[in-house]
Amino acid sequence: MSRDFIAGCVLLVFSAIYYLAAAAIPASQLSDTVGPGGMPKSYGIALGVLSILLIGQSLLARRRAMTARATAASTEESRQDRYRALRAFGMLAIGVAYLVLLPLIGYVISLALLILAAAWYQEGARRRWLVPTAIVGAGVFWLVFVQILQIDQPAGFWPSLF
Amino acid sequence: MADAIAYVSPLFDTWIFAFVFIGVCWGIVGGALPGISPSITMALLLPFTYGMNPSYAVVMLASTYFGAEYGGSIPAILIRTPGTNAAAATVIDGYAMKQQGKAGEALGISLYSGIIGGVFGFLMLVLLTEPLSRIALSFRPTSYFALGILGLSVIGSLAGDNLVKGLIAAVLGLMIAAIGTDPVTGLNRFTFGSPDLLSGIPPILVLVGLYAMSELLQSASEPAWEKANAGEARIRFPGRSVWKRIWPAQSIGAVVGTIEGVTPGAGGTVAAFLAYNEARRWSRHKEAFGNGAPEGIAAPETANCAVSKTALIPMLSLGIPGSNSTAVLLGGFLIQNLIPGPMLFVQHADIVRDLYLGLAASVVALWIAAYIFMPPSIWLVNRPKSYLMAFIFALLVSGIFAVEGSLFHIGIALAFGVLGYAMRYFKFPFLPMVLGVVLGFMVESNFRRALVISGDDYMTFLQDPISAGLLGVAVVFILGSWIHHLTAARKSRKLAKAAS
């Protein structure tokens, strides 16, 4: 299955769900003839039609470019894609972890952990400098955002201890 | 006299110049980092513009764009890695000159060509923007709807090699714009009971997520770039003989940059390569191209720096962003509750004036900042990529939280990062989606308002001459891009057949 075929199928399902959600928007007594659900419904239909076109395009392209070499190449490519997607997922997990930890342990520590984790994850950065860089980096960010720009960042549970 | 004083008075607002300088410096540093495009450099700065004086904010963002277009040439010349896509054309002769021991001269040609491109682009911006926006005074809801459709019609030229994917991205953008309170009845749509979604998804989160966050996710599997030799990175003013050779190339670059800047979808990259090609075609030293010809740096650098100014013409006068960078700049305007387009010149003439002054000052700022910021840029390029990416991640999450103090916003930006990553994977263009997000509200609210005013008469859109004219141009755009895509597809099929 080609990428376009997969994307087309996912978008087709999404367009159907979106259309149903748009159709469920209640009409108001103040409503005009188009109504609050009018434009979203048309977007849902448009996306459905375009998804079908994309699926059709991918099927046509597949028929044209069906060779053994292409299949072999695409196997290698899909292996690399899976590796890249996993690496990206790891980076995303670091972001989500930051989001969860921020209100609990506060800005400075969660940011230091984010820098530490992201730098280590990117290419296993030189370990000797990793922890000092993360601590100094978080300190600089705290200085700039909280002290200079006066932007309140979550303090975590620390204030409750004092 | 009073007018003249009013125009000159902002000259004494030194803060504008400070923000111009900050913007240019940030742009140079961001542009010099391979993989960090001008749009990403600008998107990283967006959260910091919240709560700023609107003039300072837009001036800083526009200066960043200019600085980043120049900054891209530094690694292109020194490490054969273009900092921006537009600098890819500079690599060819820039790196060849560096190998011949002329890195300083190549950096000098790039800087002074960028300055010339910036001056020319700025003059074109001032001359062309205001007349285009004069028709604004007679705009009605029908005209605004038609303007929105015209904006969306350029998707064809922004869609890359697959028109269907461009259109899908645009529809997804319109769907995102539909989240929140309905513009006519005030009913909630797609908010799922969350109060955070009542006012919709701010375009800034879409921009930061799509451009910057997805780049971070992408970079997790990309190798580190080469290191630059700081000793070679001293800008040298080009000698008289070099100036004699490069001025025709610079003239070509300036003209190409102006034309490509106002053409939606073209942008700095197309302009740079087109200028390079034209400079080679008209040059007396054709054989030197590819082997370190100074014209090979001058033409693309003049062109992409001119584009950084002229791309603002359709954005300011019609509210239509023709490139990723101008889309981010448009986001910067929206954050300040400024709607680029015809009425900007009527309602916020002071901000347009400040922007013009800032853009003029950015040329001088580039000249100074290029000398000062060359060593820090080289230092940054030579830092481990892992640390740089980690700090950019920290900057992003801190900046997004600073906007409204909302953890929900960080989550939304991360979600758009994932969407951006998926769009890169499935090869969907970003810009049509951004257009959908920023134009969606304008299209829907004015469409429905016009129908209410006219008593549901759809002919009202054709009876208003401005609306009819804009819709006519939109139809021409759509047909033109459709024919272009059909011809391109047929050509590539023929080539594939010939190859097999």
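## Overall shape of chain A

A compact globule of 162 residues would have a radius of gyration near 15 Å, whereas chain A has 25 Å. That radius is taken over C-alpha atoms, and the globule rule is 2.2 Å times the number of residues to the power 0.38. The C-alpha trace of chain A spans about 60 × 60 × 25 Å along its principal axes. This is a predicted model: local features need pLDDT of at least 70, side-chain atom pairs count only at pLDDT 80 or more, and totals for chains, interfaces and linings use all residues. Residues are numbered from 1 along each chain as its sequence is written, while chains are lettered from A and ligands numbered from 1 in the order in which they are written.

Chain A has 6 helices and 0 strands. Its pattern along the sequence is α-α-α-α-α-α. Helices (H or I, at least four residues) and strands (E, at least two) are DSSP runs, numbered from the N terminus. Of the 162 residues of chain A, 28% count as buried. Buried takes 20 or more other C-beta atoms within 10 Å of a residue's own; exposed takes 12 or fewer; partly exposed is in between, with C-beta atoms placed from the backbone. Among contacts in chain A with a separation of 6 or more, 59% join residues 24 or more positions apart. Two residues are in contact if their C-beta atoms, placed from the backbone, lie within 7 Å.

## Where the chains meet

The contact takes 53 residues from chain A and 46 residues from chain B. On the side of chain A that touches chain B, five helices each supply at least two residues: α1 (3-23), α2 (38-64), α3 (68-105), α4 (107-123) and α5 (127-148). α3(A) gives the most, with 13 residues. By class, this side of chain A has 36 nonpolar, 10 polar and 7 charged residues. Ala, Val, Leu, Ile, Met, Phe, Trp, Tyr, Cys and Pro count as nonpolar, Asp, Glu, Lys and Arg as charged, and the others, Gly among them, as polar.

## A helix pair across the interface

α2(A) packs with helix α10 (residues 163-177) of chain B at an angle of about 155°, their axes 10 Å apart. That makes α2(A) roughly antiparallel to α10(B). Axes are lines fitted to C-alpha atoms, for helices over the stretch in contact, and angles run from 0 to 180 degrees between N-to-C directions. Angles under 35 degrees count as roughly parallel, over 145 as roughly antiparallel, 65 to 115 as roughly perpendicular and the rest as oblique.

The crossing of α2(A) and α10(B) is left-handed. A crossing is left-handed if the near helix is turned anticlockwise from the far one by less than a right angle, and right-handed if clockwise. From α2(A) come Y43(A), A46(A), L47(A), L50(A), L53(A), L54(A) and Q57(A), while α10(B) brings V164(B), K165(B), L167(B), I168(B), V171(B), L174(B) and M175(B). This contact has 12 nonpolar, 1 polar and 1 charged residues.

## Helix packing inside chain B

Helix α3 (residues 38-45) and helix α4 (residues 54-71) of chain B pack at about 150°, with axes 9 Å apart. α3(B) is therefore roughly antiparallel to α4(B). Their crossing is right-handed. α3(B) contributes P38(B), T41(B), M42(B) and L45(B); α4(B) contributes M60(B), L61(B), T64(B), Y65(B), A68(B) and E69(B). The classes are 7 nonpolar, 2 polar and 1 charged.

Helix α2 (residues 14-32) and helix α18 (residues 349-381) of chain B cross at roughly 45°, and their axes come within 6 Å. These two helices are therefore oblique to each other. α2(B) passes α18(B) in a right-handed crossing. Their contact has 19 nonpolar, 3 polar and 1 charged residues.

M433(B) lies in helix α21 of chain B. M433(B) is buried, with 28 C-beta neighbours inside 10 Å. Leaving aside residues up to four places away in sequence, M433(B) touches A169(B), A170(B), L172(B) and G173(B). V206(B) is 227 residues from M433(B) along the chain, with 9.2 Å between their C-alpha atoms.

Most residues other than glycine have a negative phi. N337(B), not a glycine, has a positive phi of about 60°. N337(B) sits in the loop between α16 (324-335) and α17 (344-347) of chain B. N337(B) is exposed, with 8 other C-beta atoms within 10 Å. K427(B), also a residue other than glycine, has a positive phi near 60°. K427(B) lies in the loop between α20 (407-425) and α21 (431-454) of chain B. K427(B) counts as partly exposed, with 13 C-beta neighbours inside 10 Å.
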